[in-house]
Amino acid sequence: MLLTAVALLFLAFFLVLPLAAVFIQAFEKGAGYFLKSVLEPDALSAIRLTLLTVAIVVPANVVFGVAAAWAIAKFSFRGKSILTTLIDLPFAVSPVIAGLVYVLVFGAQGWFGPWLIAHNVRIIFAVPGIVLATAFVTFPFVARELIPLMQAQGTDEECSAVALGANGWQTFWRVTLPNIRWGLFYGVILCNARAMGEFGAVSVVSGHIRGETNTMPLHVEVLYNDYNIVAAFAVASLLALLALATLAIRTAIEWRTEGSA
Amino acid sequence: MSIEAHGITKAFGAFAALNGVDVNVPKGKLVALLGPSGSGKTTLLRIIAGLEFPDPGSGRVLFHGEDVTDLPAGKRRVGFVFQHYALFRHMTVFENVAFGLRVRRHRDRPSREGIAERVHHLLQLVQLEGLAGRYPSQLSGGQRQRVALARALAVEPKVLLLDEPFGALDARVRKDLRRWLRRFHDEIHITTIFVTHDQEEALEIADQVVIMNQGRVEQVGTPQEVYDRPATPFVYQFLGNVNVLRAPALAVALAQTGHGAEQNPDGLIYVRPHDIELTPHDAGGDGLSAVVRHIHAAGPQARVLLEQIQSREHVEVEISRSELSDLGLKVNDLVRIRLRMAHSFEEDYAI
């Protein structure tokens, strides 16, 4: 009883209160100002860039995550433990370092920098860099969500399908995928949330060019540094909304899977 | 279709799961692969199914004389039933059974009506007609097992392979289901191999039993052959209770049974508890003397624990309850024992 109270109090202070503050601040100057802050060109550009990044990164990581989880959970091969460790690497590395690595490799003074400049390809301080950095940071989410699930389910159902004459694709689409669909869905939601919210790695590679290479979190920072607190919170509230939606979806999935199990 | 496996060897890392195994299953028979866990029986079954492959260059699998060693499972026309059923949990019973037909290439695939008809026929065969719309999680263990069987039969397999088919069921359902499987086999006569670690199960329903231990075949024979004439000490101990006795004096007693034990009086003597006859000591005769140490009279058979007088070895004897009361045995009574049937094996061969 006491423990529950402590936990609830802690949650209220450290999670609910700040979240409430975001929304209160966002609407401090009324709904009109909120809309103006969210719809001004730089903000719209940031939203557009964020959505573009997500649209590239999430599908890519879904394909990679499913492939990696399938390989790790259902097969045994040499180098499996190395692959498992590599998937966790982005969790272990600070996002800022992840960003710096890309600058080091693709930046003007980096390994491929001169060649890229010579061929007029821009990666750092441009959209490709942002996509790469975001992809790196969100790399583990789908795979990490699926590996334990697939390992727990074992390979018997796949073996059954194969013995019944199904080929690899049929086995994957008809047996494996339906069994992991909720885990996959949740992995996508998490990956999506992180991709939208990523700050550190993107901050290093983006160059903060307003209206061009600012994503939503970067735009929030820019506004905040300009002492435009209300506008900053207005954009931030959009991200907070995403967090709430993620939580709601997670709860719904848990409720659903418990119901069917 | 007959199944042959020749010289199958399979290692998982440093562990040799199978070590030059030969098995021959005649057409239409029900054969049990019997052995303790780790004996390689399931690996052998999976190799026959094409779910595992023997170590390169080690051996061949033949179906009806035809080499299928390199064919994948889907091309071998085998029906495989897994120990834990492995039903597709997101599909209904109907969908599960229909799966093998649905994944066929377009030109080999039956029509929608053809599939429905076949599925219903199979569900009828396994006595589950009413449950086509259920999900696996809504079925009992025995029902799931029968769905798995119907699903395996849907592709019209030439061979049925069952991995511990009753392993996950409770004792009662096990007994019912294994008799049902025997009757079922008598109806459809499909060459069937099933894996089990339960000797009672194997001896009760199989036409032929293959006893495996540590990646090798110990003995092959009908249930009666392997039970009455075990080829190795392992088989002796695995198929029921056995007394292992060292006493040379017993070899003398054994001479009467005509099993040639007198030729190696230093060997170990294997005798089943129910192959020992007890007579009152004062009735005389040629048996060895022993003292009654314990009597367990609970259950259908009475178990009498004796201590043989010369060697002080313990001997367990099983007699009927009526025999026990006829003898009127009490603890510390003297009796004579005679071996009706016993085998002796070289000591270094024992486990």
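This is a predicted model: local features need pLDDT of at least 70, side-chain atom pairs count only at pLDDT 80 or more; totals for chains, interfaces and linings use all residues.
Local features require pLDDT of at least 70 and side-chain atom pairs pLDDT 80 or more, whereas totals for chains, interfaces and linings use all residues. Residues are numbered from 1 along each chain as written, chains are lettered from A and ligands numbered from 1 in the order written, and side-chain values use heavy atoms, without hydrogens and water.

Chain B contains 10 helices and 18 strands, taken as DSSP runs (helices H or I, at least four residues; strands E, at least two) numbered from the N terminus. Along the principal axes, its C-alpha atoms occupy a box of roughly 80 × 45 × 30 Å. Of the 351 residues in chain B, 51% are buried, that is, under 20% relative accessible area with a 1.4 Å probe, protein chains only. Among contacts (heavy atoms within 4.5 Å) in chain B with a separation of 6 or more, 67% join residues 24 or more positions apart. The mean positions of the 41 positive charges (Lys and Arg) and 43 negative charges (Asp and Glu) lie 9 Å apart, each charge being placed at NZ of Lys, CZ of Arg, CG of Asp or CD of Glu.

Residues up to four places away in sequence aside, B:Ala73 touches A:Val162 and A:Ala163 of chain A, together with B:Ala49, B:Gly50, B:Leu51 and B:Val78. B:Phe94, 21 residues from B:Ala73 in sequence, is 23 Å from B:Ala73, C-alpha to C-alpha.

Key. Buried means under 20% relative accessible area, exposed over 50%, partly exposed in between (1.4 Å probe, protein chains only).
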